[in-house]
Each structure stands twice: as C-alpha cells, then as structure tokens.
Amino acid sequence: MDFLNENLLTILILLPVIGAVLTLAHQMFWKQEGQLKWLTLGFTTLNFVVSLALFSKSAVAGPSGYFFEKNVPWIKAIGTNYHIGVDGLSFWLVILTTFIMPIAVLSTWHAVDKKRTAFYIFLLLLESAMIGVFVSLDLLVFYLFFEASLVPMFFLIGIWGGDNRIYAAVKFFIFTAFGSLLMLVAIIALFFLYADQTGLGGSFDLIAIMNAMKVGTLVIPPQTGTLLFLAFALAFAIKVPLFPFHTWLPDAHTEAPTAGSVILAAVLLKMGTYGLMRFNFGLFPDQSKEWAWLFIALAIVGIIYGALVAMVQPDVKRLVAYSSVAHMGFVILGMFSFTEQGMQGALYTMLSHGVTTGALFLLVGFIYERRHTREITAFGGLSSPMPIYATIFVITTMASIGLPFLNGFVGEFLIMVGMFQSQVLAITTSVNWNIIATMFAGTGVIFAAVYLLWMVQRVFFGKVTVDKNKGLADLSWREIGLMIPLLFLMVYMGVFPKPFLARSESAIKAIQERVMHQAGGTVDHAEAKPPVSGDEHK
Amino acid sequence: MSTLFLTDLLTPEASVSIIMPELVVALAGVIVMLYDSFFPKQRAVSGAISLIGLTVSAVILATMWGGGSPTSGWNGMIAHDNLRLSFSFVFLFVSAMTVLISTVWVDRENVPAGEYHALLLFATFGMMMMSAGNDLVVIFLGLETLSIATYVMAGLRRGDLKSNESAMKYFILGSFASAFLLYGMALIYGSTGSTNLTQIADKVANPNFPALLLIGGAMLIVGFGFKIAMAPFHVWTPDVYEGAPTPVTGFMAAGPKAAAFASFIRIFVLGLPLIAGVQSSVYLHDAWISALAVMAIITILVGNVAAIMQTNVKRMLAYSSIAHAGYALVGFIGAGMAKTAAARDEAIASVAFYMLTYAVTNMGAFAIVALLAEKNDRRAEFEDYNGIGFKSPVLAFSLSLFMLSLLGLPLTAGFMGKILVFRPALEAANPLVTGLVIVAVIGSAISAYYYLRLIVVMFFRERTSEWRQPKMPLAMSTALVIAILGVLYFGIFADRVIEKFAQSPSGVVVKAEK
C-alpha cells in the first residue's frame, strides 16, 4: 500500500507514455495501424481504472497535507524537486482527465484515417502532460507539464484539423506560450524572493513557499507581488480563456479533430482555472482579492459576449466553442467571489462543463462524420431520420443550459449564490456590486437557453429540408456506448452532487480562508482599506 | 617591474601538462595535414584521425577536472579554471560533431577533406587557446588562429559564388573587428601597463586612468560583439551563414561564438571586476554592464523579428543564432552582476552550459539541413521542406525536436539552458537587467513563430513535388543520435553536467607574489 501511496500518481503519468512507446513499437514491428486504436483504448482505459485507486479510503495525507504525495529531488543545481500530490481540488480534475480520454479515443474510431500511429502517440502523450499539470506541487515541474501539453495539441490540430488548421494551431501555440513564458519569469523571481527572505536557499516548492508566507518568513512586497500575480494570471487567463484573450479558442476548437476538441474543452481549459485557484490564490492571496473586481468584470463580459456571439454563429462547432467562453466566465466568476459556495460551484462547473461540452463536441463530430459539414443551415428536421441522436443531443443541450436536475444547474446555481453573498467587491466600493454582478451573470443563463435552443430547433425540428439528410443513419452502438457514461454523469451530477462536493470541500475551504482571512502578511493593510476608499466615493 | 619581467623570461614556467589538450588537438591537425600530403583523398582516414585527436583531448580535459583550486601556467598566461575547462569541452564537442556531419557534404561536393579537417582542428586549437588565455596576447593569438581557419572554411566551396561572397565578407569584416579588438587591447595595455588579466584586474582599482580603460573596453566590446554576432554588429551573420557550406555554418554558429564568449567573459567579468569601495571600478563596471544590457536587448529583438521574415532555413537559423547570442548575454551580464565569487562561477558555468545546449541542438539541426540540402545547398528554402513530415518521419521528428529545443520548451536542452542563464540575471535584482530578462522571454515567444513554421511546413502541408529519401551515412546517423540523446539528456538530467561545469573554482589566477 505504501508503494501505491507514493507512486500512484507517477504511474498515472507514466502509463500513457509507456502506451505511446508501445504504439510506436507496434507500428514499427507489425505495421498494423488498424490495431493501434485498440491499444490506445486499452491504455487509456487502464489508466482510468488505475486512477480509480485515488478513491481508496486507506490513502493517507503526506507531510504537506496532500494525498499520494511524492517528493524527490530532480535537478539539484536548479533546486527543483519532483513534488506531486493531489487534494480535493486536483483530485476531480485528474479523474476527469482519465475518464474523458477513453471516450475521446473511441470517438476517433472511424474519424481518423491518416497517420494513425502519430495520432495515438500524441493523444497518449497529451494525457500524461495533462495529469502532470494537475498533480505538480513544484512550480517548475508544473510549468514543465503546462508547456509540454502544448506540443501534442499543436500537432493534433495541425495535422488532423480542418481547412484552416495551420492558422489555428500556430495561434493556439503562440498565445499560450506567450503567457506561460512570462509566468516562468515570475516563477524564477519567486525563487529568489524566497531565497532572499528566508535565507534557506531558493525553492520552487509551492508548499514551502506558501508555508513561509503563512508563518511570515516570506513577505512579498506589495508592488512586486502585483507584478508576479499579473504574470501568473495572464498565463492562466489566456488558457481559460478569459475575455479578451479568448480569440484563439474558437479557431482552435473549430479546426481541431473531434477528439482534440473534446480534450481541449474538457481538460485543457481547466488548466487555466485550476492554475488560478491553485497558484494565484495560493501564492498571492492579497493581490487576488485586490484584483478580483477586474476578473469579475471580465468574466461577466465573457459570459454575455460569449453568449451573444454564439447566437449568430452559422457553424455548430463554433457555437459550442463560444458557449465555452461563456461557461468559463461563470467559473471565473465563482472563483473570484471568494465564498465557499462560489468556489465549490466553480469547481463543479469545471467538471460538468467537461462532461457536457465534451459531449456536445462529440455529438457535433458524429454529424460531421456523416455529412462533412457543420453549418446549421445544412440541417433541419434531423429528429425524424435520427431520433436517438436527437434525444441525446437535446438532453446534453439542456444540461449545458443549466436545467435543474442536470449537472449544469448545480454549478451555476452555486456560483450565483456565492457571488450574491460575496464580500470581495465591497472592499473597494460602497455600492452593492456583488448583486449587480450576479444579475448580469444571470442574464448569461437566459442567453444560453436562447442560442442553444434556437440551434436545436433549427437543426432538429421542422421538416427535413435537405434531401441528403433524409437517409442519415442513426447512431451506431459504439456511438451510443460512448455517450452513455456522459449522459449518466449529467443526470447523476445533477441529482446527487453531494459526493462530488464533499470531496473537494476541505481543499476549497482552505483556499477560501487563505484568501479571505489570513493573507500573507498584509492582512491589516488590506482590511484597513475599504473605509478609506469608500469615503472617497462619497 | 622590469627585473621581474626578466626573471620571468629567463625561467619560463613551461608546464606542458597544463596545455596538453590544446597540444593534442594541434598535433592531430598537423598529422592530418601531413597524412593528406602523402596519401591524398582518404576522407575517412583524415576524419578518423581528427575524431581520435578530439576524443583524446577531451579525455585529457576530463582528467584535469580535479575540483581543486584554479591554477595557472606559463607565467600566468594560461588560466586553468572552470571557465576554460567547460568551454573547451564545448569546443571539442562542436568540432567532433562537425566532423561527423561533414562526411555527407565532403563526399557530395568533392572537397579536399584533408585540408578541411586540418583547418577544423586548427580552428579548434584557436578556440581552446581563447578560453585558456589569461593574457590579452594569448587571447588575440587564439582568436586569429581561429578566424583565419574559419575564413578559409567558409569559402571551401570554390566554385560557388555564394560561398565566395561569404568567405570574402567574413574575412573583410572579421579583420576589421580584429583591428578594433587589437586597438582595444593596446589601449588597455596603455592604461594598466600589463596584458595579463590578473594584473589588469588589480590595476582597475587605480583611479588615475579610467578614461583610457573605458575607450579600450568599448573597443573590445565592438570586437567581441562582432564575433558573437551581437547587434548592432551582427549584419554580416546572415550572408556569411547562408553562403558558407552548411556543416561549416553549424560549426560557426556554435563553436567560434562560444569561444568569443569565453574570452569576452574572461576579460570583462574577471579582468574588469567590481572592486569594493573603489569608485573608478564601479564606474567602469556600470558602464560595461549597461552597455551590454542595452545591446543584448537590441540583439534579442533584432534576431527574433528578422528571423520571422526569412524564407531560407539557413538564414532563419542565422538570425536565430543572433537571438541566442542575446540570451547567452543575459547569463554573461548575470555573471558580471554576481555578488559572490561562487555565484559568479555558477553564472559563468551557466553560460558555458547554455553554449553546450545550443551547440547540441544547433549541430543536430544543421546536420539535418545539411543532409537535405543536396549539392550546392540547393534545397534550403522553407518550401523544400513541404510535407516531408511523414515521408521521412525520423528526420522530420528529430528536426522538430531541435526546433522545440531552440524555442526552449521544457524537457529539452534549450529549456534548461534558458532557465540557467535567466537565473543569475534575475538574482541581480536590477531594473535594467530584469527588463532584459523580460525582453528575452518575449523574444522567445516571438521565436515560437518561426521555429514552429518549420514544423508546420513539414507536417501540416502537403508535398507537391516528388521526394527522394536522402541517404543516411553512418557518421551522420551517429551525429543525429548523439544530438537527440544530448537534447533529451541535458533537458531532463542536466544536474551532473551543471555541477561539473561549476566545479574547480574559477577566478583570475593570482600568481604568487614575488
């Protein structure tokens, strides 16, 4: 058990890499590309099964309070350690990753017909990198996985994508790389701040830095702190993507192959929100609070803007992509409310968005495989030739809109409750901005209903206007099979959210308390501020 | 003073053992030349002799890595410290790789192999003298040995106009730079009364002659700036790199540049140090640090922005090498700003390590470019790489790996190199230098565009013209395997190498006072 406790996460990271090596070997020696999908499916499923061991009750927290923790020196000359572990926050994201991968692989069954060896290798490497991102507790190791996840996705979009794939792939890469490089500077600067102030030598260890801040041996000067905070925030805001850094997303989503879109929506975007929660809130609690207004404002703009733009999209996939912008706006809103409900809701929305939007992209992929178009006007009345498809699509849409008893509702509801009670905007003004913010965010839900239902109506109902659509085959057993777990989760997460929320509760609470109550050294300063600025407003 | 000098002359401290690695390389060069005149046209043999010479030299070098304190020989003319050892190691590596890579090209172009290999070895000898020289004269002699050999190498393809242009340009501008360098050295000698760096370092404290020293220092910056292709002295680079035969271009980008860095660092960081409490040394130090920082910023921006617009892969790599000189300057400035001797040594080691990672990656990239180029370097445009991704997957994926390493993506050598050179600069906590690091980072982000372009071209485009799989000779595949393993090894397990490079404490060797 001890072995498992220490190495489970490493196994999760390495299994896909082994899978990738075997895929390559298989292709080199047997040259049976047709079998590779089975091999990849096997490895991703195996990884999912292994990841279920994370649920194990006998797991004990490591020295830093993280489960399945491992901490060994990696490059001593730089001072970086291979430090990994999970808590309630990363736990679900790891499971989400391992869960969505086999489904993504299944979706490629017939869709990918060229260069399959490379495709599956990149898919597997991507899985490793994504898991690595969620479990690293060392800043440099985190950066490493964060950047490493770019390369496979770049190739996935660039080689197997649509007509405009080159533009989309390069844009995706450069946007993300730009943000994360500035984060790298901030990481190194933090290393020296730690070295300077604690006198212990530099450290990239998140836990060590956070502890030093807690006990007061490390006090980040406010001005430096703001710069570092913004450098981290920019990297993550681009990844989320937060308005106005979102422009890479619609392109990347539209051009990516179905499996790529699914992974992009379900997991890659979560790296941004996860990073904000783990690193920005953990390392810069004061600045997070101070700048919350900006993020809340951008999130609201994102929610409304994403919804409005989605409404006018002629392409179903692009529509779903813009709906992602809106949903991720909700997540940011919840996080920056700094209330327990809001943050729990944010995490919950991250998970349910992964499930529903992943499902939507899969569904769009199914119809694309049949018709090789995604234009809304090319369809109409699909419910008569494809009843099963229509049913599943409508359920998924409802989940995405946030219909009660489906997963989308729980998260959005919690976020709005959280935002309503939020104290964080009261710091800088006397107006009840939290209520206004909630109101505006609420309109986003209505807009979501408008653009999604309108799209459903145009695609599925009415008469079949295009002759080609009359003879369309309904979903195959494989397609239904891969949707079932997603549908099950949509309902389960909507009806019975407790097990999910219970697991993340303590981790979220710890982050929330850190930000609101025991910030790193400048608590008094921050709390003394409101009356002063409030007076100015009067 | 003069009597001391006389006794030095009469009892030379001629310790052969300390310059053994250099001697071995020079000797190998002589053997190759002699062998070639008796048995001409035996490419494999002259290549093998060169490789053996370089390897033996590297082995001797490794045994010298004692971890003791720095010493010197030849009356303080030859330094024996980590700067010399680590940089010499880089040179030997670069030359060995060049020999391996050149096989294809030497066959294809029917180049006189004996002369080529001899020149390469003499150039290596010059580079090693540059990193070992603790005296302005030795450094200059090393530099000239290196330069003259490289001028010829750049023009080896006699029938080709571009190669001629390259050699001519390199020669004229290079001589110009050498003149600047020499003038600077003369002025420094004039103001300090010595060419020995140890003694210069002592005399910097004297407040009476900073003005002349400043001018001398400025001249040196111009001279070395040319050699490392620092903006605004970089203009020759693209033409020379494009015209020179591809393996030679790879060699020039990695070897002579690192050698110039070695002497540059030795003269400025160790020879013109900051002496606590002495106003003139503070003035001098501030002057060269800020001059270099500003030029580094320009270098990074110019290199990266100009690289975007290139349509020729070799030209793109030339501009990228300018940008990389800028990144290495970041570490150099970090070394100059270091507060303790240990921190300074680490920073110097990080620059050496950076040059090593750049050499590994760059030699790998040039190997593939050379392989694909065909006769007279015909196929070196981006278009020529269209859609070869899945036609020659091994080559294309290796080239992609090298591009990602040049870009500085984690798990590759380039990433480790960048982290290491940025660290000392950020440690200095000086606004200008921090700004420089941020510019360097933005430059890396810009560079993503043109490095990725090669990947895009290879994998995302379709090939319209026919594609002949290039033949892969054994030497070339060896070089490729070494480069790939090197990129991954330095990217993942860099620990031991970095430690080694920082070992054997550096510093200007202080000769026992007489």
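This is a predicted model: local features need pLDDT of at least 70, side-chain atom pairs count only at pLDDT 80 or more; totals for chains, interfaces and linings use all residues.
1. Ground rules. Local features need pLDDT of at least 70 and side-chain atom pairs count only at pLDDT 80 or more, while totals for chains, interfaces and linings use all residues; side-chain values use heavy atoms, without hydrogens and water. Residues are numbered from 1 along each chain as its sequence is written, and chains are lettered from A and ligands numbered from 1 in the order in which they are written.

2. The largest pocket. It holds about 2,000 Å³ of space. Its lining has 47 residues, and the closest to the centre are A:Val17, A:Ile121, A:Leu125, B:Leu401 and B:Leu488. On a 1 Å grid over the protein atoms alone, a cavity is a set of points where a 1.4 Å probe fits but cannot get out; a pocket is an open set with protein on both sides within 12 Å along at least five of seven lines, and lining residues have an atom within 4 Å of a point. Grid points are joined across faces, edges and corners, and the volume is the space filled by probe spheres set on the points.

3. Elements giving two or more residues include helix 1 (2–30) and helix 4 (116–135) of chain A, and helix 15 (393–407) and helix 18 (474–492) of chain B. Helix 1 of chain A gives the most, with nine residues. Helices (H or I, at least four residues) and strands (E, at least two) are DSSP runs, numbered from the N terminus. By class, the lining has 37 nonpolar, seven polar and three charged residues. Ala, Val, Leu, Ile, Met, Phe, Trp, Tyr, Cys and Pro count as nonpolar, Asp, Glu, Lys and Arg as charged, and the others, Gly among them, as polar.

4. Helices 7 and 9 of chain A. The axes of helix 7 (residues 165–198) and helix 9 (residues 222–239) come within 8 Å and cross at roughly 150°. Therefore helix 7 of chain A is roughly antiparallel to helix 9 of chain A. Axes are lines fitted to C-alpha atoms, for helices over the stretch in contact, and angles run from 0 to 180 degrees between N-to-C directions. Angles under 35 degrees count as roughly parallel, over 145 as roughly antiparallel, 65 to 115 as roughly perpendicular and the rest as oblique. By class, this contact (heavy atoms within 4.5 Å) has 16 nonpolar, four polar and one charged residues.

5. Helices 2 and 4 of chain A. Helix 2 (residues 33–51) and helix 4 pack at about 10°, with axes 9 Å apart. That makes helix 2 of chain A roughly parallel to helix 4 of chain A. Their contact has five nonpolar, five polar and four charged residues.

6. Helices 16 and 18 of chain A. The axes of helix 16 and helix 18 (residues 433–460) come within 9 Å and cross at roughly 170°. The two are therefore roughly antiparallel to each other. Their contact has 14 nonpolar, two polar and no charged residues.

7. Backbone details. A cis peptide bond joins A:Val240 and A:Pro241, with omega about -10°. A:Pro241 is in the loop between helix 9 and helix 10 (248–255) of chain A. In chain B, a cis peptide bond joins B:Ala231 and B:Pro232, with omega about 0°. B:Pro232 lies in the loop between helix 9 (210–227) and helix 10 (237–243) of chain B. A:Phe405 has a positive phi of about 75° although it is not a glycine.
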